[in-house]
Amino acid sequence: MGLPDKESGNPLKIITYPHPTLRRVAKPVRRVDAELKRIVREMFDLMYEAKGIGLAANQVDMPIRLFIVNLEAEAGKGEELVFINPVLSRPKGSDEAEEGCLSLPGIYGPVTRPKQIHLNAYSITGQEFSAPLTGLFARVVQHEFDHLDGVLFPDRMSDTTRAGFREMLEEFEVDFNSRRSVGEFGADSVIEQGWWDWEKRYS
Ligand SMILES: [Zn+2]
């Protein structure tokens, strides 16, 4: 999909597994313009509609290093956070908890991750910030960060846990391939052209 702006008429939407953009390693963001701010606003709206607490740019078919979080999952509640070019460091401890993903609707399973993590990132206004994170906040940030590297949460499950979801994942694959075969996503070259358009514009 190309740029979801007025000229192309493509609305922003959440893509699901196994759409290839979910495996694309996202490129650093070099500039923020009014259009990107508008897209981020739209990402929050999409996330609330889907009752999510985090959404990465890859998930709206835009492979650049940006994700959003609102732990309250509701407009007008909690804090709307935008993370650009995030860096994670100093992982500490280990914790298992159930996760889900807006790109894998209906799949919920346990994932083990560091309990604590240190985050550095830029805000949408270009301010650099850093913070130690724990609990749900640390978990959602690690989950969204993974998206930017093309990593999905079943990749982080134990082999036995993931085996339990094999059939569901295969159903996603069958569904995606049939939608692809009727041209819903355009040719692979169209998907790739979309990546290059975003990368040219923002990285
Ligand atoms: Zn996710």
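Which residues in helix 4 are buried?

Modeller: This is a predicted model, in which local features need pLDDT of at least 70, side-chain atom pairs count only at pLDDT 80 or more, and totals for chains, interfaces and linings use all residues. Residues are numbered from 1 along each chain as its sequence is written, and side-chain values use heavy atoms, with hydrogens and water left out.

Helix 4 spans residues 166-181; helices are DSSP runs of H or I with at least four residues, numbered from the N terminus. Its 16 residues reach 22 Å from the first C-alpha to the last, close to the 22 Å expected at 1.5 Å a residue, where the expected span is 1.5 Å times one less than the number of residues.

The buried residues in helix 4 are Leu169, Phe172 and Phe176. They lie on the same side of helix 4 because they cover an arc of only 55° around the axis; the arc is that of the directions from the helix axis to the C-beta atoms. Buried means under 20% relative accessible area, exposed over 50%, and partly exposed in between, with a 1.4 Å probe and protein chains only. On the other side of helix 4, the exposed residues are Arg166, Glu167, Glu171, Val174 and Ser181.

What covers the buried residues of helix 4 includes helix 3 (159-163), where contact means heavy atoms within 4.5 Å. After helix 4 comes glycine 183, whose phi is positive, near 85°.

How values were computed: Helices (H or I, at least four residues) and strands (E, at least two) are DSSP runs, numbered from the N terminus.
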